[in-house]
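Let's take a walk through this structure together, one stop at a time. Have the sequence and the 3D view handy as you read.

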Amino acid sequence: MKKFIFQTAVFLAIALSLFVLFKFSSDYWIRKNATLNFSKKADKVVIGHSHSECAINDSKIDGLVNISQSGEAYMYTYLKTRLLLSRNEDIKTVFIEFANNQVDVHSDRKIWEKKYVLARYPAFGPFMGMKENELLIKNNFQDYSRGFSLAARRNFNFIIGGDYEYAGKMGGYKKLTKEEVGEELGVLNDEKDVDYSKNMTMSKEGLAYLDKTLALCEENDVKVYLIRSPLHSKYPGFKNEEFYQQVLKSRYADLELLDFKDFPLEDLEYADLQHLNYRGAKKFSLFFDDILKKGLLESGNKQDFINKEMARISE
Amino acid sequence: MLFNSLSFALFLPIVFLLYWFATKKSLKIQNMLLLGASYFFYASWDWRFLFLLMFSTLLDFFSGIMIQESATSAKRKFWLWLSVGINLGFLGLFKYYNFFISSFVDAFSLLGFNLDSWTLKVILPIGISFYTFHGLSYVFDIYNKKIKAERNFIEYAVFVSFFPLLVAGPIERATHLLPQIKKERIFDYSKAVDGLRQILWGLFKKIVIADQCAVYANMIFDDAGDYSGGILIMGAVFFAFQIYGDFSGYSDIALGTARLFGIDLLKNFAFPYFSRDIAEFWRRWHISLSSWFKDYLYIPLGGSRGGGWMRIRNTFAIFLVSGFWHGANWTFIIWGLLNALYIMPSVIFKKNRQNLDVVAKGKELPTLRELFAMLSTFALTTFAWIFFRSESVSSALSFIRDIFLGLLEKASYFEMVEFSIEEVGFLVPLLLAVFIVVEWMGREKNYAIENFLLKNARPFRWSFYYAVAMLVFIFATTEQPFIYFQF
């Protein structure tokens with residue numbers, strides 16, 4: 001009996017070690033060979049979650065690439081930025097989405113909740129350090145282990161297929177065709193479990209990774225702007241606007257926020273209360289391209305510049 | 001708690017260690033532990049249905065005693081039919097109620113009467129078809145005086161609920177399993193190692209073969225209208241491997257797990273895709289169910305004793321009931337009927353007892369004739385699987401129609417090649433090829449790797465086990481449920 005248990009334990013330990021070894025060596029191989037060649041020449045990039053993913057149609061904007069991805073927490077933004085800056089020297093400006101649903105502690109769950117881990121870990125696993133692995137293990141070991149297998153499988157496929165190009169795997173503009181503002185009005189969206197009546201707590205892990213991203217950009221002489229994509233005036237996330245402004249002023253006072261939340265759009269140009277559909281995205285992207293060409297980034301007070309331009313087009 | 005889940009990976013060693021170490025080898029405590037573990041295992045899906053399982057167990061336990069104790073034939077019959085009626089009543093309610101109601105309403109609407117449909121939102125208790133059949137075989141055997149009624153409730157309850165077989169079989173017989181439950185069990189090293197080997201192979205079949213084939217089978221069956229004939233054939237072939245890997249993989253894990261506890265379960269699969277005719281296929285596929293129907297339906301109906309027409313009638317009966325056992329859908333009934341039609345020539349001409357031995361026994365390769373026979377049988381079963389997999393009869397028929405139409409178009413063949421290269425790639429076909437080769441090499445054993453490479457040097461053999469384990473880890477990305485859980 002003891003022999004059986006011992007042999008089984010040794011077999012499992014060796015098999016698991018081999019598996020972990022395969023995973024980390026394949027991570028290393030991918031990290032070493034990963035490339036990032038955008039389909040167009042760009043010196044500006046937008047990174048964020050679904051708000052910027054659906055709002056910025058980069059085919060309408062010269063020199064800009066949108067690599068936002070739905071539900072992206074700042075930890076993944078950091079990993080993405082690190083990969084981006086290590087592989088692409090052309091990038092001089094990074095726009096990072098900074099929205100109402102990214103500042104409170106609830107947003108940290110998007111780092112380790114099941115659906116995010118299973119989607120993100122396989123993609124970003126090769127670029128994660130010990131700290132990121134620890135964070136996932138500590139908060140959701142079960143799904144981390146599933147993600148680990150998924151990542152090993154994905155690495156296996158990439159290596160077998162010789163596919164190391166990450167440009168198409170990091171996100172991009174997402175075209176939404178729906179028009180559901182009418183249906184959504186009066187119905188709570190995914191912030192429903194956030195209790196705004198209580199004092200809000202600032203995101204710990206998420207904002208810590210935003211800080212790391214900012215530091216990384218600074219080290220690489222890359223200019224960073226925070227950006228808030230257009231949102232419907234009835235967007236429930238605005239309930240924490242006071243808290244949002246507080247976080248912004250206390251933590252990111254030296255950064256410039258390009259706030260497009262009041263960008264003039266019709267209901268039919270929204271997919272829902274927090275995402276633009278393809279019509280809204282087209283309108284906003286053309287506007288963004290226009291103000292970039294008019295010298296937004298060189299102007300003194302950028303928000304004034306934006307507000308004036310928004311007022312002009314809404315006339 | 002699926003066999004391919006992390007929770008089962010924790011549950012199994014805990015129960016194993018408690019079973020062999022904490023019970024002081026007391027049979028009574030071991031059985032109580034097995035029962036507790038089995039109920040915990042079952043409750044992890046839905047604790048509410050545990051009461052149904054307990055009720056069914058109690059019912060058959062007392063019915064068995066009453067059948068044995070009854071002085072008159074009428075009383076014996078009464079207790080038998082009470083047990084059968086209630087068991088089938090529950091099965092009918094949970095599994096077939098909506099099917100009968102909607103079929104009844106549809107039939108009347110064809111005659112011009114519109115009836116209100118009283119369908120219920122019934123959740124199917126997992127494993128109900130399996131444990132109901134366990135219980136029924138027990139009362140039938142007592143009624144037929146093949147066994148004596150069990151007086152120890154715990155031992156009987158372990159027979160019904162033993163967790164490796166509880167939710168998807170094999171469908172055990174009291175004559176086979178109960179004596180093992182009643183007998184003192186001593187740890188047997190070689191049996192336990194063999195059990196682990198079978199579990200490893202079962203996991204490989206499920207996770208590496210079935211779940212990977214499922215990706216393409218689902219892709220093709222779910223959007224069948226978008227694909228041409230050649231690709232639809234690929235979908236059916238992928239499903240054939242999916243269902244074999246899934247169900248026989250489950251059975252391997254169940255048998256291997258039971259062996260860790262010193263218990264041998266009935267063999268459920270014997271390399272069915274190497275069959276040379278349909279009769280052989282049905283002696284090798286889901287053996288515990290086929291033999292159940294043979295013993296408790298085919299033979300009581302007269303079996304093959306009453307002449308040609310009776311054989312035909314009885315064969316149709318068991319295939320129809322077998323189809324219906326799988327689910328409340330006309331697709332399963334047609335699948336059963338098709339198989340009955342396939343087997344009919346050999347029944348009529350009394351050729352259904354050919355090919356009793358394994359194909360190419362003692363040889364490395366089959367003859368051309370054997371190969372052709374195997375491929376033809378595989379083609380027929382794969383064709384029948386189309387009904388089994390389809391959502392409805394009409395979608396199965398359009399699937400089949402598109403296959404035949406596609407075969408007439410040159411473009412369909414190009415699309416098939418394109419699909420193979422761009423969507424499927426070479427990895428899954430390579431794994432399938434390795435799988436078929438290993439299964440072929442082990443076809444004379446209880447499961448493919450029972451003696452695989454045992455004659456080779458240990459490092460070589462262990463490298464193979466590590467390679468299988470690595471593939472299992474790499475492909476174990478999500479816990480896909482087993483197909484037969486729905487039955």
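## A walk through chains B and A

F332(B) counts as buried because it has 20 C-beta neighbours inside 10 Å, and 20 is the number at which a residue is called buried. Keep in mind as you look that this is a predicted model. You'll find F332(B) in helix α14 of chain B, which covers residues 330–348. Who sits around it? Setting aside its neighbours within four places in sequence, F332(B) is in contact with G323(B), F324(B), H326(B), G327(B) and F388(B). Another residue to look for is F319(B): it lies 13 residues from F332(B) along the chain, and their C-alpha atoms are separated by 10.0 Å.

Now move along chain B to a pair of helices. Helix α2 (residues 27–43) and helix α6 (residues 153–161) of chain B pack with their axes 9 Å apart, at an angle of about 40°. That angle is why α2(B) and α6(B) are described as oblique to each other. As for handedness, α2(B) and α6(B) make a left-handed crossing. On the α2(B) side, the contact is made by N31(B), M32(B), L34(B), L35(B), S38(B), Y39(B) and Y42(B), while α6(B) brings I154(B), E155(B), A157(B), V158(B) and S161(B). Sort the residues of this contact of α2(B) with α6(B) by class and you get eight nonpolar, three polar and one charged.

Let's zoom out a bit. The domain assignment of chain B gives domain 1 as 6–186, and domain 2 as 191–276 + 355–486. Taken over C-alpha atoms, the centres of these two domains of chain B are 29 Å apart. How many residues of domain 1 of chain B are in contact with domain 2 of chain B? There are 17 residues from domain 1 of chain B, in contact with 17 residues of domain 2 of chain B. On the domain 1 side, the elements giving two or more residues are α1 (6–22), α7 (163–166) and α8 (174–182) of chain B. The largest share of that side comes from α1(B), with three residues. By class, the side of domain 1 of chain B that touches domain 2 of chain B has twelve nonpolar, three polar and two charged residues.

Next, the place where the chains meet. Here 17 residues of chain B are in contact with 18 residues of chain A. From chain B, α1, α9 (189–222) and α19 (458–475) each supply at least two residues of the side that touches chain A. Which of them gives the most to that side? It's α19(B), with six residues. The side of chain B that touches chain A has 15 nonpolar and two polar residues, and no charged ones.

D108(A) is buried, because 24 other C-beta atoms lie within 10 Å. Not counting residues up to four places away in sequence, D108(A) touches S203(A), K204(A), E205(A) and G206(A). M75(A) is 33 residues from D108(A) along the chain, with 9.1 Å between their C-alpha atoms.

One last stop: helices α5 (residues 114–124) and α7 (residues 141–161) of chain A, whose axes come within 8 Å and cross at roughly 30°. So α5(A) and α7(A) are roughly parallel to each other. Their crossing is right-handed. By class, the contact of α5(A) with α7(A) has seven nonpolar, one polar and four charged residues.

Conventions:
Residues are numbered from 1 along each chain as its sequence is written. Chains are lettered from A and ligands numbered from 1 in the order in which they are written. This is a predicted model: local features need pLDDT of at least 70, side-chain atom pairs count only at pLDDT 80 or more; totals for chains, interfaces and linings use all residues. Helices (H or I, at least four residues) and strands (E, at least two) are DSSP runs, numbered from the N terminus. A residue is buried if 20 or more other C-beta atoms lie within 10 Å of its own, exposed if 12 or fewer, and partly exposed in between; C-beta atoms are placed from the backbone. Two residues are in contact if their C-beta atoms, placed from the backbone, lie within 7 Å. Axes are lines fitted to C-alpha atoms, for helices over the stretch in contact, and angles run from 0 to 180 degrees between N-to-C directions. Angles under 35 degrees count as roughly parallel, over 145 as roughly antiparallel, 65 to 115 as roughly perpendicular and the rest as oblique. A crossing is left-handed if the near helix is turned anticlockwise from the far one by less than a right angle, and right-handed if clockwise. Ala, Val, Leu, Ile, Met, Phe, Trp, Tyr, Cys and Pro count as nonpolar, Asp, Glu, Lys and Arg as charged, and the others, Gly among them, as polar. Domain bounds come from an automatic or database domain assignment.
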